[in-house]
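Here is a guided look at one protein chain, written to be read with the model open beside you. Please have the sequence and the 3D view ready.

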Amino acid sequence: MTGAAGLVGIVLVSHSAAVAESVAELARGLAAGGPMAPVAAAGGTTEGGLGTSAELIVAAAREVDRGAGVALLADLGSSVLTVKALLLEDELPPGSRLVDAPFVEGAVAALVAASAGAPLAAVESAATEAYAYRKA
């Protein structure tokens, strides 16, 4: 999705393309109402199966990079490890950061903050604060 220039980009990394895209769709819907930060889903393998694809993650990060940083949220296991490896190997755009946050709530909070023009550190903070959202 194309967003306004200068906004932090968001990449949602999941083992499932359907999960990543559904969370992106939910976040877009809840963050609607003004300029939208770019968000991309990087789910599943390049063959369409369950798993994680470094190629899809790199492509998504490049797609949303507007020069203000890229926040990557990952669901679990190998998606986290793949993002960490890509960061160590400098495969992602400068200013890319793995954000330790709940996948759904963190994605919504990150996109809302990014769409409001928050810098990468504030986007990360908004996403990680989602851990404090209590449901009971």
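## Overall fold

This is a predicted model. The protein chain holds five helices and four strands, and along the sequence they come in the order β-α-β-α-β-α-β-α-α. The radius of gyration is 13 Å, close to the 14 Å that the globule rule gives for 136 residues, so the chain is as compact as a globular protein of that length.

How much of the chain is buried? Of its 136 residues, 48% count as buried. The exposed surface comes to about 6300 Å², with carbon and sulfur atoms supplying 58% of it. Among contacts between residues at least 6 apart in sequence, 78% join residues at least 24 apart.

In soluble globular proteins, nonpolar side chains tend to be buried together. Here, the largest nonpolar core has 28 residues, and those with the most contacts inside it are Val8, Ile10, Leu12, Ala71, Leu73, Leu111 and Val123. At least two residues of this core come from each of β1 (9-14), α1 (17-31), β3 (70-74), α4 (103-115) and α5 (120-128). The element that gives the most is α4, with eight residues.

Leaving aside residues up to four places away in sequence, Leu111 touches Ile10, Ala27, Arg28, Ala31, Met36, Ala37 and Val39. There is also a second, separate core of 15 residues, and Ala61, Val64, Val83 and Leu92 are among them.

## Helix α4

## Two loop residues

Serine 16 sits in the loop between β1 and α1. Is serine 16 buried or exposed? Its relative accessible area is 16%, under the 20% cut-off, so serine 16 counts as buried. The side chain of serine 16 reaches the backbone nitrogen of valine 19 at 3.1 Å. Further along the sequence, and not counting residues up to four places away, serine 16 touches Gly43, Gly44 and Leu50.

Aspartate 90 is in another loop, the one between α3 (78-88) and β4 (96-98). With a relative accessible area of 68%, over the 50% cut-off, aspartate 90 is exposed. Its backbone deserves a look too. Most residues other than glycine have a negative phi. Aspartate 90 has a positive phi of about 55° although it is not a glycine.

Notes:
Residues numbered from 1 in each chain as written. Predicted model: local features only at pLDDT ≥ 70, side-chain atom pairs only at ≥ 80, totals over all residues. Heavy atoms only, no water. Core = buried A, V, L, I, M, F, W, Y, C linked by side-chain atoms within 4.5 Å. Buried < 20%, exposed > 50% of the residue type's maximum accessible area, 1.4 Å probe, protein only. Contact = heavy atoms within 4.5 Å. Polar contact = N/O pair within 3.5 Å; in protein donor to acceptor, adjacent residues only side chain to side chain. Rg over C-alpha atoms; globule rule 2.2 N^0.38 Å. Areas by Shrake-Rupley, 256 points an atom, 1.4 Å probe, with all protein chains shown as cover.
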